[in-house]
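Hi everyone, thanks for making time this morning. I'd like to walk you through a model I've been looking at, so let me put it up on the screen.

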There are 2 protein chains.
Amino acid sequence: MTDGLDDETPALTRTGGAAVRTARRVSMADVARVAGVSAQTVSRVSNGHPGVVEATRSRVLEAMTELGYRPNSAARALKSGSFRTIGVILFSLATTGNVRTLEAIATSAAAEGYAITVIPVAAPTQDGVHGAFTRLGELAVDAIILLMEVHLLDVARVSLPPGVQVVVADSDAGESYAVVDTDQADGTRQAVQHLLDLGHETVHHLAGPALSFAAERRTSAWRATLEEAGREVPPIERGDWSPSSGYEAGLRLARRDDVTAVFAANDQMALGLVRALHDAGRRVPQDVSVVGFDDLPESSEFLPPLTTVHQDFAEVGRRLVEQVLRQVREGVYETGTRLVPTRLVERASTAPPLS
Amino acid sequence: MTDGLDDETPALTRTGGAAVRTARRVSMADVARVAGVSAQTVSRVSNGHPGVVEATRSRVLEAMTELGYRPNSAARALKSGSFRTIGVILFSLATTGNVRTLEAIATSAAAEGYAITVIPVAAPTQDGVHGAFTRLGELAVDAIILLMEVHLLDVARVSLPPGVQVVVADSDAGESYAVVDTDQADGTRQAVQHLLDLGHETVHHLAGPALSFAAERRTSAWRATLEEAGREVPPIERGDWSPSSGYEAGLRLARRDDVTAVFAANDQMALGLVRALHDAGRRVPQDVSVVGFDDLPESSEFLPPLTTVHQDFAEVGRRLVEQVLRQVREGVYETGTRLVPTRLVERASTAPPLS
DNA sequence: CATGCTCATGTTTACGCAAACAACGGCGAC
DNA sequence: GTCGCCGTTGTTTGCGTAAACATGAGCATG
């Protein structure tokens, strides 16, 4: 705080507040007057419609530049019924998956001339979702992408504004909505199989919160893979996705000396897990192998670099936009789940067991 | 959870787009007809205006519910001239700072009844920014928050739609715009001073990219602190914020045996740096102390837990919204920089030098 | 050289909402 | 009892745009 905050020097009100607020926006009529044409001709030029002779067109463009004309999107939306905007509803930007997906959504949408409105839901409760959907009716969006667990969606369903298209990520709502997701089951299978192939007798599991569908999916794929291989299914430890919950679960796992391989439901918990093992004097990967899930940008620089499951969130975002825009343009609701492949990235946190 | 009643919505109408797309949205006129009142009365009820007798009001509300009426935000915006939306322009969601700030912006704005439109800029070049601002004129926003380096703003300034308010984060544009930022200079000073206080002769620096204003600010505060203390200012290493660039710079630093303390410009690079030191056989913190910047959620679980500078991005987001909405409501442009305090979080990556 | 067609441009209208103004009925003041 | 005010509701109007329709000039055809 030592340096120059000339704080609370609020107003260098250039032009003196009053003048600033008036300045009515220039409309098509203004441009038309200056260019000496009708408003309709301005509209045609503005939208690139044919049937305007070159001389007129350039005269209009000149007037637009001179006046600094910008089309009014409210009026345009009122006429056309479309806002060229997609709403994204999500609980949190704390998870890499959501963030990276959102970024891809924004980029893909921009390429199609659509903007993105982010609608955060206060709490991951039915009330929270319900509130978001209620406000949604008044929001200027043509379509909605839901980045959230589906078991909170039942209420939402009813209050969905008619005529607004929806697609869902990260969910099991394939029977009611179009869903795009990463192939988490296959990623989990790859991870567990990798550990078994290294020679581990079985694989322990550090699961995510019980209420999370993604966590549940990873857990059941882990169990299925072990059962298919005829291995014992050990009791699971559970965290809440956070690094510190991984550390605590890691301390509990470290107390059992039969643990030689752990599949963590995400990289953040894997990080805490590795530190707990380290603090307990168990070396990774010599004594215990660890696999994560997500492939954070940091994961390759962890100590040791983490073997993990990579998810292509960019592709998920791209497909979400593609899907929802197809529904918008064709006016058809679709259902079913589209899966984006995942792949195991082998780094230095896994090795054959010592024995 | 178990109440999937489908008799309410026509969601699964896959039988052919025709039926779906017709359903014109219900307007105030429809509600008025059903309730047996005028459209104006519906408007009054909808906006909570006084002067509607209770019997009429409830009749209108009933009709609204029955028809599933939702106000049309385009028409509303056209009348009022306000979209109740704030645009956020940013380059990337890859940095924690941007993400956390965005989340806080979205939450604060929602509390004020404003929505957030995210406008990603394709490339951090003047062309990219210029393009974003050009599209911006057509976007349905009342105000803009810029999350980006200001040296790309010169072009932007001119093409700013008149009447749209702007505030800036993470920038040195205080003379032209209202800026909210964390007090990075003070955070850096705390970090460097902490290392000096531990007894280190001087502090090396792993800087961010030269073009980044944030990186530059941290570098110059680092230099200033050393000079004030009368210490030698060693040559800097430079990365690009990424963990892997931290690793590479770390390998170079590890070759010099006079390095006992490093201030990294962010946590991700610090992570790579620690791994490089580890690979080179230098222990952290016994042989080399490391301080980062950002305080990622993961940083407390690093090996060793990272001493770093915590930035309150939530507060930044909150103040950005507060600031821009004040400007919108009062119709006044303001300038000046508001700083949010930072604080050093001491963990296990720093210790006195061995000697 | 009148007919009919095409192309460029102008005029009308409606989108949904809400300010501004108008109308109407009831009630208190005198 | 009459006047006028207030509280409630209805009517008109216009926001900026663009589709639909109208106009009118130029031009080829018979």
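At what angle do helix α2 of chain A and α3(A) pack? Before I get to that, please keep in mind that this is a predicted model. The angle comes out at about 105°, and the two axes are 8 Å apart. Since anything from 65 to 115 degrees counts as roughly perpendicular, α2(A) and α3(A) are therefore roughly perpendicular to each other. If you want to find the contact on your screen, look on the α2(A) side for M28(A), A29(A), V31(A), A32(A) and A35(A). Their partners in α3(A) are A39(A), T41(A), V42(A) and S43(A). Sorted by class, that contact has seven nonpolar residues, two polar ones and no charged ones.

On to DNA strand D, which is surrounded by 26 residues. Here the closest are M28(A), N72(A), A75(A), S38(B) and Q40(B). Two or more residues come from each of α3 and α5 of chain A and α3 and α5 of chain B.

Helix α2 (residues 28–35) of chain B packs against helix α4 (residues 54–67) of chain B at about 120°, with the axes 9 Å apart. That angle makes α2(B) oblique to α4(B), and the crossing is right-handed. From α2(B) we have D30(B), V31(B), V34(B) and A35(B), which meet α4(B) residues including R59(B), V60(B) and E66(B). The tally for this contact is seven nonpolar, no polar and three charged residues.

The second pair is helix α11 (residues 243–255) and helix α12 (residues 267–279) of chain B, packed at about 45° with axes 6 Å apart. That makes α11(B) oblique to α12(B), and this crossing is right-handed too. Among the residues in contact are Y247(B) and L251(B) of α11(B), and M269(B) and R275(B) of α12(B). By class, there are eleven nonpolar, six polar and one charged.

Stepping back to chain A as a whole, it is divided into domain 1 (16–71), domain 2 (81–181 + 314–339) and domain 3 (184–312). The C-alpha centres of domains 1 and 3 of chain A lie 62 Å apart.

Finally, some backbone details for you to click on. The peptide bond from L303(A) to P304(A) is cis, with omega near -10°, and P304(A) sits in the loop between β9 (289–294) and β10 (307–311) of chain A. In chain B, the bond from V284(B) to P285(B) is cis, with omega near 5°; P285(B) lies in the loop between α12 and β9 (289–294). And R84(A), in the loop between α5 and β1 (85–90) of chain A, has a positive phi of about 50° although it is not a glycine.

Terms used: Residues numbered from 1 in each chain as written. Chains lettered and ligands numbered in written order. Predicted model: local features only at pLDDT ≥ 70, side-chain atom pairs only at ≥ 80, totals over all residues. Axes fitted to C-alpha atoms, helices over the stretch in contact; angles between N-to-C directions. Helix = DSSP H or I, 4+ residues; strand = E, 2+ residues; numbered from the N terminus. Parallel < 35°, antiparallel > 145°, perpendicular 65-115°, else oblique. Contact = placed C-beta atoms within 7 Å. Nonpolar A, V, L, I, M, F, W, Y, C, P; charged D, E, K, R; others polar. Near = placed C-beta within 6 Å. Domains from an automatic or database assignment. Left-handed = near helix turned anticlockwise from the far one by under 90°.
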